[in-house]
Amino acid sequence: MSMKLAILGLLLERDMHPYEMMLVMRDRAMDQITKLQMGSLYYAVDQLAKNGQIEQVEIIRSSDRPDKTIYRITGPGKLLFEQLLLQQFRKNDALYHPMYIALAFSRHVDPDKIARLLEERIREAEHQVNLAYQVYEEHIPSVSRAALHLMYGKYEHSMTELKWLKRLYSDVRAHRLGDVGEPLDLKE
């Protein structure tokens, strides 16, 4: 997801300053679906402002904190938002899981070493499943159905990842990664 798309989308909801945008993105677990770096956020805000797609509403000054610049989306920003959003819907990028290439050759490595790594990955995946569902449940009263689809979709993808990892772990533990001619055990 484009950082600019996220910024413009949030500014369609209400005027806010960049740090507030980051907090909202984290609260909605958007950091689970895109890279969120404060430097990238501020750079994107600067670019959007420079191009007239967002504009300053006010600057809140405080003696004990840095100034907060509140932004709002402009007409050109709304047009860019729509363009970026529709581009994302058109994208159909292939999924390249970091483990896929390793799996192709994993039969050549000690299965116990792989099993230990998979145990850790499974714990992480279980955490992601729980987190994704919690985020979904917590936001039911406060976000649109579109956002709920996003959140529940993240939960479903996490569940699929966990199921896949557990099935793989079972075969690793049984020292079956080099077996040929048998289908996977796909029972739930």
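What follows is a short chat about a predicted model of one protein chain.

Student: What helices and strands does the protein chain have?
Tutor: Seven helices and two strands. Keep in mind that the model is predicted.

Student: Which pattern do they follow along the sequence?
Tutor: α-α-α-β-β-α-α-α-α.

Student: Is the chain a compact globule or more spread out?
Tutor: More spread out than a compact globule.

Student: What box do the C-alpha atoms fill?
Tutor: Roughly 65 × 40 × 30 Å, along the principal axes.

Student: How much of the chain is buried?
Tutor: 34% of the 188 residues. The accessible surface is about 12800 Å², and carbon and sulfur atoms account for 52% of that.

Student: And contacts? What share joins residues at least 24 apart?
Tutor: 58%, counting contacts between residues at least 6 apart in sequence.

Student: Switching to charge. How many positive and negative side chains?
Tutor: 26 positive and 27 negative. The centres of the two sets lie 3 Å apart.

Student: Now α2. Which residues are buried there?
Tutor: The helix covers residues 18-27, and P18, M21, M22, V24 and M25 are buried.

Student: Where do the buried residues of α2 fall, seen down the axis?
Tutor: Within an arc of 165°, so they line one face of the helix.

Student: Why would such spacing work in general?
Tutor: An α-helix has 3.6 residues a turn, so residues three or four places apart point the same way.

Student: What follows α2?
Tutor: A29, with a positive phi near 60°.

Note on methods. Residues numbered from 1 in each chain as written. Predicted model: local features only at pLDDT ≥ 70, side-chain atom pairs only at ≥ 80, totals over all residues. Heavy atoms only, no water. Helix = DSSP H or I, 4+ residues; strand = E, 2+ residues; numbered from the N terminus. Rg over C-alpha atoms; globule rule 2.2 N^0.38 Å. Buried < 20%, exposed > 50% of the residue type's maximum accessible area, 1.4 Å probe, protein only. Contact = heavy atoms within 4.5 Å. Areas by Shrake-Rupley, 256 points an atom, 1.4 Å probe, with all protein chains shown as cover. Lys, Arg positive; Asp, Glu negative; His and termini not counted. Charge placed at Lys NZ, Arg CZ, Asp CG, Glu CD. Arc of directions from axis to C-beta.
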